[in-house]
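Morning, everyone. I'll take you through a hairpin and then some charged side chains.

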Amino acid sequence: MSAVCGGAARTLRVPGRHGYAAEFSPYLPGRLACATAQHYGIAGCGTLLILDPDESGLRLFRSFDWNDGLFDVTWSENNEHVLITCSGDGSLQLWDTAKAAGPLQVYKEHTQEYVQGSYVVK
């Protein structure tokens with residue numbers, strides 16, 4: 001993963017994770033959130049990485065694990081510490097970077113899938 005902060009490319013290697021979405025904080029200059037997954041999102045878990053720039057590249061500020069790959073992330077428009085991610089299991093996760101544990105809330109509304117004329121209950 002790399003990001004351009006202040007004109008210089010910054011890099012952080014995270015073994016076993018592949019980045020799918022990254023978004024800079026609208027509140028804290030240089031703070032970056034990255035949604036990741038294992039095994040190219042095909043199988044495994046995901047991790048939300050919160051990164052800050054430093055002299056040597058990017059420094060891990062906080063990370064949160066989820067039981068499926070994370071594929072998108074966005075910052076709250078109302079709170080500088082809150083983010084939301086979406087994952088391969090069809091759920092949305094609400095995270096607070098001010099707390100070490102998470103998520104704050106999980107939203108999973110779909111309990112059935114429509115597959116070619118029939119319902120498959122999950």
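**A hairpin and a charge network**

Start at the hairpin of β8 and β9: four residues lie between the strands, and G90 there has a positive phi near 85°. Before going on, note that this is a predicted model, where local features need pLDDT of at least 70, side-chain atom pairs count only at pLDDT 80 or more, and totals for chains, interfaces and linings use all residues. Residues are numbered from 1 along each chain as its sequence is written, and side-chain values use heavy atoms, with hydrogens and water left out.

Strands here are DSSP runs of E, at least two residues, numbered from the N terminus. Two of them pair if DSSP finds at least two bridges between them.

β8 (residues 82-87) and β9 (residues 92-96) run antiparallel, joined by five bridges. T85 sits opposite Q93 in β9. β9 also pairs with β10 (residues 105-107), antiparallel, over three bridges. There, L92 faces Y107 in β10.

Now the charges. How many salt bridges does the structure hold? Two. The term means a side-chain nitrogen of Lys or Arg within 4 Å of a carboxyl oxygen of Asp or Glu.

D52 bridges to R31, with the closest N and O atoms 2.8 Å apart. That pair links distant parts of the chain, 21 residues apart: D52 is in β5 (residues 46-54), R31 in the loop between β3 (18-24) and β4 (32-37). D52 also bridges to R59, at 3.2 Å between the closest N and O atoms. So R31, D52 and R59 form a network of salt bridges.

Buried or exposed? Buried means under 20% relative accessible area, exposed over 50%, partly exposed in between (1.4 Å probe, protein chains only). D52 is buried, at 9%. R31 is buried, also at 9%. R59 is partly exposed, at 38%.
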